[in-house]
Amino acid sequence: MYLRPRLRSDKLTKEMSDQESSTSASQTEGECEGEMDEELDEELDEEMDEEMEGEGEGDEKQQDSPVPGLYNFSSSLCAVLRIKQKYRAMKKRRQEMMTLQGLGGRERTSPKIFTFDGLIPTASYSSTLSSSAPQRKKRRRRKRVMFPNNRRGCRAPPKPAASRAKYCLYLLCAIVFSQVYNAIENLDDHVLRYDLEGLEKTLRREVFGQQGAVDGLLSHLKDYLSTYVHNKPLVVSLHGPSGVGKSHLGRLLAGHFRSVVGETLVLQYYVLHHCPQEADALQCARDLSALISEMVERAEEEEKIPLFIFDEAEHMHDEILDALQQLVDSKQSNEYLNAIYLFLSNLGHAHITKHMLYNSSSVSMATASGRQSHLVKELTPILRSTLEELHPLWTEADVLPLGLLDKGHVMECFLDEMTREGFYPDHTNIERLAGEIEYYPAVGGHEYSQTGCKQVVAKVNLL
C-alpha cells in the first residue's frame, strides 16, 4: 500500500532521466548548442536534486506518520511538472537567442582542435561586418550606487582643512577698505579746502535774479573740485544782456578763490584794459600764454587749482582765442588739465532778450525757478550753435545763460547798494529810484529792465 506511490515517483524520475538523455543526445549537432545545453542540464540537475531531497524528506515523514494519503504523490507530481515547465521555458529562451545570433550572418563554429587555418584577416573581417546587417551596440550598464538603510552606517563627509589663505583674504579686504575710506576722506578734504558752501551762500546773497545760473555754476564747481586729477580743464561760459550781473558774479568768484588758493593763483583778465589795441593782439596772446603757464606750474607745485576769469570776452581777438584754445585742449600735459576758465560776455544777448519777452506769459515762466529752467533748456543749444560759428573755443565750454532782471530785482539792487553806502533803506525812496530806470513793455505781469542794475551805483552816488 505504501510502496505504490514510491514506485510511481521512481518511474517518473526514470522517465525524466531518459528524457534528459534523449535531449542531450539530440543536442550534439553543434558544439555551441551542446555547451549551452550542458549549462542548462546542470541547472536543471541542481533543481531536481533539491526537489528530490525535499521529496525524500516528505517520504520519510510519510513513513513515520501513521496516516497514509495521496499528499506524497501529488507533491512529487507537482515538482516534476514545475521542473518540466522551467525546462521548456529555458529551452525556448535559448532557442530564441540562437535564432537571433543566426540572423546576424555569423556562423558559430568551434573546432575541437584549435588551428589557425581558415581565419579571416582583420580588414576582410571588418568589411564583411560592415557589409552585413548593422549590429546593435552593447550598452554598458551603470553600476547602481547602493546606500545603507540605516543612518548609523553612513560615514560623515570629511571636513575640509582650514586654509591659511583665508586670513590673507581678510587682510586684503581690510586694506582695500582702508584705502577706499582714505580716498573718500581725501576727496572731502579737497572739497572743503575751497569752501564751496561759503561760496554758495555768498552768491545767493549777492546775485539777484540768476538762481538758475548760480545753481549750474556751483554744480560744475562741485563736480570738478571733488578730485585733483582730471582729464580736461573746466571751461564755463556765462552769457547775458548788459547789467544782469555777469561782472559782479566774476568779482565774487575772484574774491572767494583769492581767500582760498591765494592771490597768485587767480587771474582777472579784462580785454579792453590789458589789450585794447588790435595790433598788439599777437603779443598779448604770447604774454597771456606765458602768464597762464607760470600760474599753472605754481599751482601744480602747491597742489591747488587756479582760476582764470576773462571778462568782456566778446572783445577778445582771434589770436587770444587761439592761444586759449591750445591751453584748454585736453591733449596738454597734466598740469594744464587742472585749471578753471570762466568766460563772461554778452554774446547771444539778443536771443535771450527775445526769448524772455515772448515767453514770459507762458505757464512754465510763471515762477522764478520755472523761468530759469526753461531759459537753460531752450537757449543753451541756440547759444552753443551761435558761439561755435564765432570760434571753436566755445565747443569746449559749458554754456550758462543769464536772464533779464525785472523791477523787483532792480529794487533789491538799490537796497543792497544803499546799505553798503550807509544810506537809510527807505522803501519809497527805493521805488522812486527804481522807477527812473527804463523798462521793456510789461509782459505777463513782469517789467524787465533794459539796463539791469548797471545804473544803480550811479544813482545811489547822486544821493
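Predicted model: local features only at pLDDT ≥ 70, side-chain atom pairs only at ≥ 80, totals over all residues.
**View 1. Ser-449 sits in a loop and is buried.** With a relative accessible area of 2%, Ser-449 falls under the 20% cut-off, so it counts as buried. Its side chain has two backbone nitrogens to look at: that of Thr-451 at 3.4 Å, and that of Gly-452, which lies 2.9 Å from a polar atom of the Ser-449 side chain. Leaving aside residues up to four places away in sequence, Ser-449 touches Leu-404, Leu-405, Val-410, Ile-437, Glu-438, Tyr-439 and Tyr-440.

**View 2. Helices α6 and α7 pack roughly antiparallel.** The axes of α6 (residues 196-206) and α7 (residues 211-225) come within 11 Å and cross at roughly 170°. That angle is over 145 degrees, so the pair gets the roughly antiparallel label. On the α6 side, the contact is made by Leu-196, Leu-199, Glu-200, Leu-203 and Arg-204. From α7 come Gln-211, Val-214, Asp-215, Leu-218, Leu-221, Lys-222 and Leu-225. Sorted by type, the contact residues are seven nonpolar, four charged and one polar.

**View 3. Helix α15 and its buried residues.** The 15 residues of α15 (residues 407-421) should span 21 Å at 1.5 Å a residue, and the end C-alpha atoms agree, being 21 Å apart. Buried along α15 are His-409, Val-410, Met-411, Cys-413, Phe-414, Glu-417 and Met-418. Their cover includes α16 and α17. Val-410, one of these buried residues, is also among the residues that Ser-449 touches. Just past the helix, Gly-422 takes a positive phi of about 90°.

Definitions and conventions. Residues numbered from 1 in each chain as written. Heavy atoms only, no water. Helix = DSSP H or I, 4+ residues; strand = E, 2+ residues; numbered from the N terminus. Buried < 20%, exposed > 50% of the residue type's maximum accessible area, 1.4 Å probe, protein only. Polar contact = N/O pair within 3.5 Å; in protein donor to acceptor, adjacent residues only side chain to side chain. Contact = heavy atoms within 4.5 Å. Axes fitted to C-alpha atoms, helices over the stretch in contact; angles between N-to-C directions. Parallel < 35°, antiparallel > 145°, perpendicular 65-115°, else oblique. Nonpolar A, V, L, I, M, F, W, Y, C, P; charged D, E, K, R; others polar. Expected span 1.5 Å × (residues − 1).
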